[in-house]
Amino acid sequence: MIKPAMNGTVRSVCPFDCPDTCGLSVTFEEGKITKITGDSEHPVTRGAICNKVRQLNDRVYHPERLLYPMRRTGPKGELAFERITWDEAYKEISARMRRIISENGAEAILPYSFYGNMGVLNSESMDRRFFHRLGASQLDRAICNAAGSKGYSYTMGGSIGIDPEDTVHTKLFLIWGCNLVSTNMHQTMLATEARKNGATVIHIDVHRNRTSAWADRFVHLRPGTDAALALGMMHVIIRDGLTDMAFLEQNTLGYEDLFEQAAEYTPTRVEEITGVPAAEVEELGRLYGSTSPSFIRIGNGLQHHDNGGMIVRTISCLPALTGQWGVQGGGAMKGNSWYSRLNGMKLERPDLLPDPEVRTVSMNQLGEALLELSPPIRMLFVYNSNPAVVAPDQNRVREGLLREDLFTVTHDLFLTDTCKYSDLVLPATSHFENLDLYTSYWHLYLQLHEPIMEPMGECKSNFTLFKELALLMGFEEAEFNLTEEQMIAEALDSENNPLLEGITYETLKTNTWMKAGGGKLPPVTEMIPTASGKIELYSDAMAQAGLPPVPDYTPLREPDTYPFLLTTGPNHSFINSTFGNQERLQKLEKEPLLHMHSQNADELGIKDGERVKIRNDRGEVEMAVRIGHDVLPGVLVTQGLWWDDQKKGHQAVNTLTPQRLADMGGGATFFSNRVEVLKLE
Ligand SMILES: Nc1nc2c(c(=O)[nH]1)N[C@H]1C(S)=C(S)[C@@H](COP(=O)(O)OP(=O)(O)OC[C@H]3O[C@@H](n4cnc5c(=O)[nH]c(N)nc54)[C@H](O)[C@@H]3O)O[C@H]1N2
Ligand SMILES: Nc1nc2c(c(=O)[nH]1)N[C@H]1C(S)=C(S)[C@@H](COP(=O)(O)OP(=O)(O)OC[C@H]3O[C@@H](n4cnc5c(=O)[nH]c(N)nc54)[C@H](O)[C@@H]3O)O[C@H]1N2
Ligand code: SF4
Ligand SMILES: [Mo]
């Protein structure tokens, strides 16, 4: 039992899927949270937090928060539920699981989860053990960064970039396919510090957005063409002798092959592919080639393309050319989770799988899986995710969710659009109610979170839910009978990661946050986790995987049946679909907009603010148009994963996006998406 603070301020951490993993400071008055700010003592986030999380009390005390288990009473797709007890819910789930296992085997059960809560215990611990032991179909959790992370690791060996704290020393920032102001605000704070010392910030994107407005310069290119731009910059750097040959000799593999490839990418050719004028490619190449330290922040957006793996693979080769990895504040970063990687084998226990060959289902192809897999999926267990909004090809997803012979259980804090299709809905605690361990995929600090309030209603954490379900299913082994503290200790077992040495449950309890490597990290060049221990500009691993071993530009794959390429990224005020049901944040976003170039609008006779139909073979949605020069002709952008709202006409934009997988890592291709735009009658 925790003793909730009546009055005063306590520490917390932000649990959302955001790189910054901020330290929070939470004020209680008369036992209720009245204010959420940043923890000014947090070493990286230093007291600043985003507007979304300042309103986290609206979410925690939201009148529509789920407080009890519920059972569906009406047709799937409608919101008709009755309250039941946990006992009834547990009995129904375990009886169904047993029946499905005896009739079709456990692979007819599919978990569907992502990182709605980034806490280690509540995202990848007891749940994974449970489904492993059950022998359920495995889920390939490739919806977010899979293609880019794979592409980056072909070059660098893993998600290892520079320590963001070092970027205050940077002189040139390339913010590449990253909407930094919205999605990684503390990197903008560090860049602002660097700017005071003369640093320049260049934003390279397909959409002139908040980040472009904040940057010093904007480079506008066509979607999916970034590898060509990077090769064009390399072309200039190599041609003009700006390379650091000593660094390349000592720390890389295969630079000769890369030099040969880059020779083909003349600025004129790059202009044809990317739309960036040849003179600008020249200038960008020379500027990058002659500025040190330079830092490239590689975003997640640019890898949501058919060729997203190769795009990131190619960009990640740039810093080696000028020896940036050897300079403080120089290098690149796609993600930094390599530093604080936990003991996954101990935590998730894949060894419990009765049949290691059990099928794996891509979370990016949920529609196909529900409609076409044989033997069919008969139970879907959703937690930490909202697939009815976030997964691609919504019409197929929802058609699958509507199947009468599918039993869907969803554990969430709210009646999300996914809950509408669920047979049972279970109430989840907010992270304030849980003990957990947090790592960041950007900064290098680990943080322990102790619960700061009692669970609301009958809410249960993911950890508790799966621990109790394990018992009900008769899994009496010791590995299901652990406390949260014991499980954190297993996660922190540093046998596979020496940078965690000294970081334990106890030391975290005393220190609140601790840095991987203890603040004494060796240079990146001494830790590169590739097979060769070098930066692999030529990659044998890629050749073996049937991929081009040297960086190259490959075009997008969607046939050009439709005239526009639509990218559909997240917005400023929600986190994916989280916060989409909070009125104040909805008001700030107003409504989903379709950004279109004025030339296209003129051709189609569309006026600013007019509602149009956007369609392709997968489906259609309606939206208001914003006309201007924020996107290039032939390109459309919309932001935000909105909930269904019949009244205001919001529809899931993923109705339009493909289930096709990217070139690497089984990644999603949300942004490689061809559509046509029609005037409404
Ligand atoms: N406010 C807010 N913050 C978030 C989230 C959120 O929903 N809202 N989501 C969180 C999550 S889960 C993630 S993964 C990250 C994502 O955050 P980011 O890494 O910033 O990724 P996106 O916002 O998806 O896309 C980044 C940029 O890529 C651009 N882009 C699209 N296609 C291309 C291309 O081909 N080339 C180039 N150069 N640019 C392109 C988009 O216009 C966009 O500006 O943010 C996290 N933080
Ligand atoms: N078109 C398009 N689609 C996209 C993207 C895009 O840019 N464009 N971005 C993609 C990316 S990068 C990502 S990461 C995914 C994100 O997809 P999801 O991971 O599904 O993200 P959310 O929409 O935030 O949904 C998380 C859900 O988990 C719930 N939740 C939070 N905490 C807990 C908890 O402790 N327990 C339980 N049981 N539930 C909890 C939240 O209330 C919320 O409903 O979306 C992807 N989809
Ligand atoms: S969402 Fe991101 S920026 Fe906002 S408080 Fe959480 S970690 Fe910090
Ligand atoms: Mo993501």
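Buried means under 20% relative accessible area. Cysteine 459 has 6% relative accessibility, so cysteine 459 counts as buried. This is a predicted model. The model holds 47 salt bridges and 17 aromatic pairs. A search of the whole structure finds zero disulfides.

**Cysteines**

- A disulfide is a covalent bond between the sulfur atoms of two cysteines.
- Cysteine 459 takes part in no disulfide. Its nearest cysteine sulfur belongs to cysteine 419, 12 Å away.

**Around ligand 3**

- Cysteine 14 is also one of the residues that surround ligand 3. Cys18, Cys22 and Cys50 are among the others.
- How many residues of each class make up the shell around ligand 3? Eight are nonpolar, one is polar and one is charged.

**Aromatic pairs**

- The 17 aromatic pairs include phenylalanine 130 with phenylalanine 131. These two rings are 5.1 Å apart, centre to centre, with 80° between their planes. The pair is edge-to-face.
- Phenylalanine 130 and phenylalanine 131 are both buried.
- Ring pairs also tie Phe130 and Phe131 into a cluster with Phe381, Tyr383, Phe466, Phe475 and Phe480.
- Why is the pair of phenylalanine 574 and tryptophan 642 edge-to-face? Planes over 60 degrees apart count as edge-to-face. The planes of phenylalanine 574 and tryptophan 642 lie at 70°, with the ring centres 5.0 Å apart, so the pair is edge-to-face.
- That pair links distant parts of the chain, 68 residues apart. Phenylalanine 574 sits in the loop between β22 (564-569) and α24 (583-589). Tryptophan 642 sits in the loop between β26 (635-639) and β27 (674-679).
- Are phenylalanine 574 and tryptophan 642 buried or exposed? Phenylalanine 574 is buried, because its relative accessibility is 3%. Tryptophan 642 is buried, because its relative accessible area is 4%.

**Charges over rings**

- Lysine 32 lies over the face of tyrosine 61, 4.4 Å from the ring centre.
- Arginine 59 places its charged end over the ring of phenylalanine 579, at 5.8 Å from the centre.

**Salt bridges**

- Aspartate 87 and lysine 91 form a salt bridge, with their closest N and O atoms 3.1 Å apart. Both residues lie in helix α3 (residues 86-104). They are four residues apart, about one turn of the helix.
- Exposed means over 50% relative accessible area. Lysine 91 is at 53%, so lysine 91 counts as exposed.
- Aspartate 351 meets arginine 349 in a salt bridge of 2.9 Å, N to O. Aspartate 351 is exposed, because its relative accessible area is 52%.
- Lysine 648 and aspartate 645 form a salt bridge at 3.4 Å, N to O. Lysine 648 is partly exposed, because its relative accessibility is 44%. Aspartate 645 is buried, because its relative accessible area is 16%.

Terms used: Residues numbered from 1 in each chain as written. Chains lettered and ligands numbered in written order. Predicted model: local features only at pLDDT ≥ 70, side-chain atom pairs only at ≥ 80, totals over all residues. Heavy atoms only, no water. Phe/Tyr/Trp six-rings, centres within 6.5 Å; stacked < 30°, edge-to-face > 60°. Buried < 20%, exposed > 50% of the residue type's maximum accessible area, 1.4 Å probe, protein only. Helix = DSSP H or I, 4+ residues; strand = E, 2+ residues; numbered from the N terminus. Lys NZ or Arg CZ within 6 Å of the ring centre and 35° of its normal. Near = heavy atom within 4 Å. Nonpolar A, V, L, I, M, F, W, Y, C, P; charged D, E, K, R; others polar. Salt bridge = Lys/Arg side-chain N within 4 Å of Asp/Glu carboxyl O. Disulfide = S-S within 2.5 Å.
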